[in-house]
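Please open the model in your viewer and keep the selection panel at hand. The stops below go from the contact between chains to the parts of a single chain.

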Amino acid sequence: MFDFRKSAAAIVAAASLGGLLGAVPAGAQTLNVVMHSDLKILDPIWTTAYIVRNHGYLVWDTLFSMDDKLEVKPQMLEKFDVSGDKLTYTFTLRDGLEWHDGKPVTSEDCIASIKRWGAKDSMGQALLARVTDMKAVNAKTFTMTLKEPYGLVLQSLGKPSSNVPFMMPARVAATDPNTQIKAEDVIGSGPFIFKLDEWKPGEKTVYVKNPKYKPRSEPASGLAGGKVVKVDRVEWRVLGDHQTTVNALLAGEIDMIESPPHDLLPVLAKDKNVKLFNANPLGNQYTFRFNVLHKPFDNAKVRQAVLYALNQKDFLDAVIGDPKWYKECKAMFICGTPLQTFKGWEDKLNSNFEKSKALLKEAGYDGTPIVLMQSTDLAVLTNLAPVAKNLLEKGGLKVDMQSMDWQTLVSRRSKKDPLDKGGWSAFLTSWVAADVLNPVMAGFFNAGCDKAMFGWPCDETIQKLRNDYATETDAAKQKAIAEAVQVRVTEYPTHVHLGQWYSPFALRNTVSGNIEAPVTVFWNVTKK
Amino acid sequence: MLDFIIRRLIAIIPVLTVVAVFVFLMLRLTPGDPAAVIAGDNATSDQIADIRNKLGLDEPIWTQFVIWIGNILQGNFGESFFFKKTVAELIAQRVEPTLALAICTLVIAVAVAVPMGVLAAYRHGSLVDRFVMGFSVMGFSVPVFVIGYCLIYVFAIELGWLPVQGYVRIGVNFWGFLERMVLPSVTLAVVFVALIARMTRASVLEVLNEDYIRTARAKGLSNRVVLMRHALRNAAVPILTVIGLGIAGLIGGAVVTESVYGLPGLGRLTVEAVLSRDFPTIQTVILLFSVVYVVINLLIDISYTLFDPRIRY
């Protein structure tokens, strides 16, 4: 009797084998991954998008990297020296570093790369504003001279998240920072090689192991240490739909989902062939951002009322749900980091509505509604605004919540127009914790008026403290300054932190060795 | 006939002009800034402004329109704001899955729906007729993505017969292509089977009451010959019209089906382009869809002459 199931299985097996043979070399170990987004842009200096940053970590390498204790360690460097007056840094590259096209990595390449990154990134701009000269001593050694001691040289060059100071060949780094590099110039010295000929946006992005890469001898730790590649290929697949992605993992068609939606985690946890792994113990931080240009949030006292009206748990319950994947944390610079402190926030974020109403009365709040923008198409953000509306109204504010897709919100938030002409008062978003580890790195602390990020806070005290933090070289004193910034934000609120949340990888049991780091990386990963 | 075809082809020009102006203006009036999307979430206003300047988005709308139309007339559809690829390249990469899905769906739909409709008409009022009508109602009512998820659950997850997602190019691996086309095509075909079966049933039923059918039966012709040669052929024009109109629905359905099955086709390209405000890509894809729609309807009009000799152009 004809057995359809067996026949179908045989056809499927033959087809799969055929497909495999047609696509990649026999025996190649391929890791099939669905990332949080499709890779459309290839230049990690041109954009701050996280998917491009992750792509950058595969292709390019960095002078320094941050380890799992958040300490900055040499990565491409054999050594570095700081002069006694802390004005001259001398960097020496490791032996045997090569670009994917076979040419050696030189000091000139690194200087050009730092210049391009420094023209775009806020920490890079702050660093280069203090640099008087960068000079190649020889092919492997270069110096950076400062006009004053600066406490964030290594933290800037070892910055883990966007924009990451990736080292590129000098001819590529010569590209105007506001122009994207050419696709054929995606040439790094990192552990993987980008396969331009197999890059099909909307379908897949392919990386192959860089056979000439020389990993450091130390074990991998965070983004630092030896980047030992244990698979032949990494394929980023684009499936689009969350349910389809989960089904594909359950069926064994893919090996890993970088950020499965929280509502589908119970389905994945139940399957014995799948495991959940939180690779980013610092997680992400929800944030409520004020626009200080318009009434009523132009009044710091009204913004202070918001600090009392909100609480973190309601937000985290509404979006994440399972307490296993979130943490209430009143530390603005993330719980579990050297700058963790709760100072100034002990009595806030407790939904003390009476206090909120009292502050509004004191501020002379006239009932002007705030325009709260709600993003409706990203599951990790959608429920935040309704919770905020509810709490703020209980706290005495009038709220006009306006719903839109994320890209409309992104576009609208950069506009300074008045509220009745399409302007806004507040919105909610999420930061990767690695982007908010100190007051200089975290963009929402920038209170430089027109130079600040959307919301445009304007406060000399915060700016002075941030500058003090940047120039201070003693860690204990830096912590005291960070604490002062956090306290100042309770007086002149720029934003409100609404708790940390975690997004675990979903992995087939055949995959192991994933590294705990603030960025998804693929070295050290094996597949049985 | 040739006159008719030439006139219809010329008529495409004003249609495309209207579509081009409409799409261009709609995109510019819709909230959303591609520069902000490109710059990423951590970008400053200055960074966004730099990118806007690079893309020419700070030019007046009419200047942007003139540049775009000028380029189109020279056969240059522009470069995607996001991918370092021309829009023509992007479309070329994505056209095969959508074309394959559309063809497979139409083949399945016509192959299943026409016999179903004829049978239902022939057995008017019977259980078969009720089943066909019931199926039609279900086919119209159940959303495409629900059908897709149900089929995936049964045939890919539970039975493991077919893959959940993905696309293999026909030239790379024919069997891989076929196994990945079965579920998406069946999913998308359900609504077309419902539509075409219903229309076939109604048309054939009407024709079956005509005098010439009675005459054919009186001549002693078999039921099969009566149905296929006399009834179906005379009922074909409205059925073809429905198939033509269905092409528009097919484009919309492909967007959902490609998302559910992870097919890298034009439907998903459109969605991605809309979500990221990739103006050149959206404009070109919509123009392409318009051309396809107009041309297919022209072909349908021409095909009427094959079934009904009374129709002359």
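**Stop one: where the chains meet**

Select chain B together with chain A: 50 residues of chain B are in contact with 51 residues of chain A, where contact is taken to mean that the C-beta atoms, placed from the backbone, lie within 7 Å. On the side of chain B that touches chain A, the elements giving two or more residues include helix 2 (34–39), helix 3 (45–55), helix 5 (87–122) and helix 11 (266–275) of chain B; helices here are DSSP runs of H or I with at least four residues, strands are runs of E with at least two, and both are numbered from the N terminus. Helix 3 of chain B gives the largest share of that side, six residues. Coloured by class, the side of chain B that touches chain A shows 26 nonpolar, 14 polar and ten charged residues, with Ala, Val, Leu, Ile, Met, Phe, Trp, Tyr, Cys and Pro counted as nonpolar, Asp, Glu, Lys and Arg as charged, and the others, Gly among them, as polar.

This is a predicted model, in which local features need pLDDT of at least 70 and side-chain atom pairs count only at pLDDT 80 or more, while totals for chains, interfaces and linings use all residues. Residues are numbered from 1 along each chain as its sequence is written, and chains are lettered from A and ligands numbered from 1 in the order in which they are written.

**Stop two: the domains of chain A**

Now select chain A, which is divided into domain 1 (4–16 + 27–38 + 191–280 + 503–527), domain 2 (64–173) and domain 3 (284–501), with bounds that come from an automatic or database domain assignment. The centres of domain 1 and domain 3 of chain A, taken over C-alpha atoms, are separated by 35 Å, and four residues of domain 1 are in contact with eight residues of domain 3.

**Stop three: the sheet of chain A**

Zoom in on strand 21 (residues 505–508) of chain A, which runs antiparallel to strand 14 and is joined to strand 14 by four bridges; here Lys275(A) stands opposite Leu507(A), and Phe277(A) opposite Phe505(A). Strand 21 also pairs with strand 13 (residues 256–257) of chain A, in the antiparallel sense over two bridges, and Ala506(A) is the bridge partner of Ile257(A).

Technical notes: Contact = placed C-beta atoms within 7 Å. Pairing = 2+ DSSP bridges.
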